[in-house]
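Please keep the sequence and the 3D view open while reading.

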Amino acid sequence: MERDYQYIFEKKESVTFSAADYVVFAATLLVSASIGLYYAIKDRKSTDEKDFLLAGRSMQTLPVSLSLLSSFISAITLLGTPAEVYTNNTMYWWISIGFILSAAGTAHIFVPVFYQLEITSVFQYIELRFGHMCRVLGSIIYLTWMILYMAVVLYGPSLALNAVTGLSLWGSVVAVGLVCIFYTTLGGMKAVVWTDSFQMLVMFAGMLALLISGSLKLGGLDVAWNIANKNQRILFFEFDPDPSVRHTTWNVVIGGGFFWMAIYGINQAQVQRAISVPSIKHARTAIWLNFPGMLIILSLVCSVGVVMYAYYSTCDPVSLKIISKTDQLIPLFTMDLLGHLNGLPGLVLSCVFSGSLSTISSGLNAVAAVLLEDFVKPYCCKKISGYAATLFSKATVVGCGLICLAMAYFVSELGAILQLAYVLFGILGGPLLGLFTFGMLCPWGNKWGGNIGLITALAFVAWIGLGTSINSVVITPKSPLTTAGCNMTAINALKALATTAAPTTAAVLASTTPATAAPPKDYFLLYRMSYIWYTALAVITVLFVGTIVSLITGGHKKMRELDPRVICPFFDVFMPFLPESFRCKARCGVRHGDEEFIATFIKHQEEKLRHNGVHNEALDVSDINLSEKKVQNGHTITNGDYSTKL
């Protein structure tokens with residue numbers, strides 16, 4: 001089918017942001033900043049850091065759910081997912097189904113444990129379970145992970161928009177970074193949640209506008225679908241068990257499920273908001289509400305990718321060097337469709353920056369909580385006042401925000417942002433997910449197993465990820481692209497193409513670029529593995545190594561001495577219909593439901609904390625000894641050495 005429209009790169013006039021587009025873009029930033037200012041004024045008399053970091057555990061379910069959704073439906077998703085469909089196919093859509101696995105683990109394993117312990121930093125749990133050294137190591141890994149990830153989220157969209165719209169690269173980086181720092185510093189968690197909710201609506205509106213306008217241009221979504229289907233872009237059922245295949249139904253659902261669990265289950269940025277609601281029931285509801293939201297958003301952005309491919313199906317702008325990276329396709333597509341309508345490109349592309357704002361703001365708030373709870377309070381300021389803690393948290397937001405601005409330069413040459421984000425999550429987030437999973441589901445795990453398992457998984461997955469990158473391993477070929485339908489006469493006339501290169505460009509590019517044949521599979525076995533398995537591989541490594549080390553060092557001998565609150569009774573939660581005799585054995589001796597034992601444990605925990613001058617009940621209880629007798633309801637109970645640090 002011949003197209004009846006021209007691309008902007010076939011026209012003599014260039015299309016850039018208009019004054020109206022800048023106004024719309026600025027308005028988006030202004031609304032976010034205003035929300036932060038509102039909560040700064042509203043809560044100006046509060047001196048409790050819990051209000052700043054956890055919103056006083058008083059947030060409503062719906063805004064928390066929208067906030068959870070928006071933070072990791074980031075600019076990376078909005079730019080990278082349509083580009084993934086354009087370049088490869090629709091297999092990535094299955095990751096929305098993988099979220100079911102994540103939601104189940106998050107809502108029924110991780111968050112209930114965190115909520116019942118009333119902790120602020122998730123790494124306080126690690127000390128309760130595996131000791132102080134493991135807590136520090138985990139905190140450092142997390143801080144590295146989040147700062148790098150926020151830098152990717154900040155720089156990627158700015159680079160993409162700069163290349164297409166003329167929007168100042170570092171101007172947009174600095175503007176988005178400073179606005180994030182501003183409203184997160186002033187308003188804390190309440191500002192983060194409500195701005196995330198607003199930004200989620202902007203993201204949805206922007207992507208929907210792009211889908212509708214693109215479909216109308218092509219004559220309907222069905223037309224776009226048929227074009228994409230004829231060119232190998234529509235693929236949903238790929239059951240090849242080969243782990244080297246980039247995306248299959250198996251690896252996207254299972255591997256993607258582990259990936260989302262690292263985001264929702266144990267990521268401080270997400271957990272911090274999940275426990276900001278009044279009860280565990282509210283937290284579970286907020287998490288499960290993310291599933292329909294995730295399904296809608298991912299279906300929407302994948303559909304945008306289908307329409308975008310159909311629009312450029314006969315004239316690939318990447319092959320033409322009109323743009324240098326596939327991450328720039330969405331801005332180009334936006335300007336192509338809506339560039340003549342002043343204000344609309346600004347509205348659509350504001351959704352991309354809304355994705356950046358929501359992710360960075362939640363990340364800054366999380367980093368502040370980790371630094372306060374895991375480094376400041378345990379080491380130098382055990383008796384820090386609520387007011388001083390709040391000031392420190394705000395200063396941390398400013399400092400880390402400025403570091404992210406500096407780190408944005410570092411990520412400029414790191415490739416496609418969607419895959420880069422997954423590799424970061426796999427290498428750094430995967431081992432942490434494995435550690436928390438090992439702690440909550442394996443009562444035999446001890447501090448030796450936890451520490452060695454974490455270090456082994458980190459080294460193992462980093463070796464695979466870096467080895468794959470250094471060797472430029474590519475196994476799965478991309479789908480075919482073509483420039484056969486380009487108006488090369490018009491394109492070569494543009495100033496963007498050098499006159500001397502024009503004849504060669506026309507001769508080479510006015511043709512179909514077939515799918516690149518897969519290179520011989522002579523790479524090292526693990527280097528060929530799809531990047532989407534990295535998180536799951538890290539979890540398996542921690543569980544395997546941690547179990548072996550724990551059994552060798554006697555962890556299985558002290559399971560009855562564990563604080564039941566740090567272990568999730570898996571079969572009681574997910575299979576309560578099983579016989580009680582089986583479920584009792586499956587608890588491995590952990591005293592779930594033994595209220596007298598738990599009461600004894602908590603009593604001695606509080607006594608130790610009062611003695612140390614620490615008021616957060618989850619801090620530094622790893623060496624509590626419960627060897628005393630407790631009298632309750634007229635009964636004398638003798639306990640052994642109930643130490644959580646085995």
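Does Cys568 count as buried or exposed? The model shown here is a predicted one. In this model Cys568 has a relative accessibility of 6% and therefore counts as buried, since the cut-off for that class is under 20% relative accessible area. Cys134 is buried too, with a relative accessible area of 0%.

Two other cysteines are bonded to each other. A disulfide is a covalent bond between the sulfur atoms of two cysteines. The structure holds 1 disulfide, formed by Cys315 and Cys486, whose sulfur atoms lie 2.0 Å apart. The pair links distant parts of the chain, 171 residues apart: Cys315 sits in the loop between α13 and α14, and Cys486 in the loop between β1 (481-482) and α19 (488-493). The torsion about the S-S bond of Cys315 and Cys486 is about 110°, so the disulfide is right-handed. Both Cys315 and Cys486 are buried.

Cys315 lies in the loop between α13 and α14, and these two helices can be taken in turn. The buried residues of α14 include Phe333, Thr334, Met335 and Asp336.

Helix α13 (residues 290-311) packs against α4 (residues 75-87). Two packed helices are described by the angle between their axes and the distance between the axes. The axes of α4 and α13 come within 8 Å and cross at roughly 50°, and the two helices are therefore oblique to each other. Their crossing is right-handed. On the α4 side the contact involves Thr77, Leu78, Thr81, Pro82, Ala83, Val85 and Tyr86, which meet α13 residues including Leu298, Val301, Cys302 and Gly305. The residues of this contact of α4 with α13 divide into 12 nonpolar, 3 polar and no charged.

Helix α5 (residues 95-117) also packs with α13, at an angle of about 165° and with the axes 9 Å apart. That angle makes α5 roughly antiparallel to α13, because angles over 145 degrees are classed that way. The crossing of α5 and α13 is right-handed. Here Ile95, Ser96, Ile97, Phe99 and Ile100 in α5 meet Asn290, Phe291, Met294, Leu295 and Leu298 in α13. The contact of α5 with α13 comprises 8 nonpolar residues, 2 polar and no charged.

Definitions and conventions
Residues numbered from 1 in each chain as written. Predicted model: local features only at pLDDT ≥ 70, side-chain atom pairs only at ≥ 80, totals over all residues. Heavy atoms only, no water. Axes fitted to C-alpha atoms, helices over the stretch in contact; angles between N-to-C directions. Helix = DSSP H or I, 4+ residues; strand = E, 2+ residues; numbered from the N terminus. Parallel < 35°, antiparallel > 145°, perpendicular 65-115°, else oblique. Left-handed = near helix turned anticlockwise from the far one by under 90°. Contact = heavy atoms within 4.5 Å. Nonpolar A, V, L, I, M, F, W, Y, C, P; charged D, E, K, R; others polar. Buried < 20%, exposed > 50% of the residue type's maximum accessible area, 1.4 Å probe, protein only. Disulfide = S-S within 2.5 Å.
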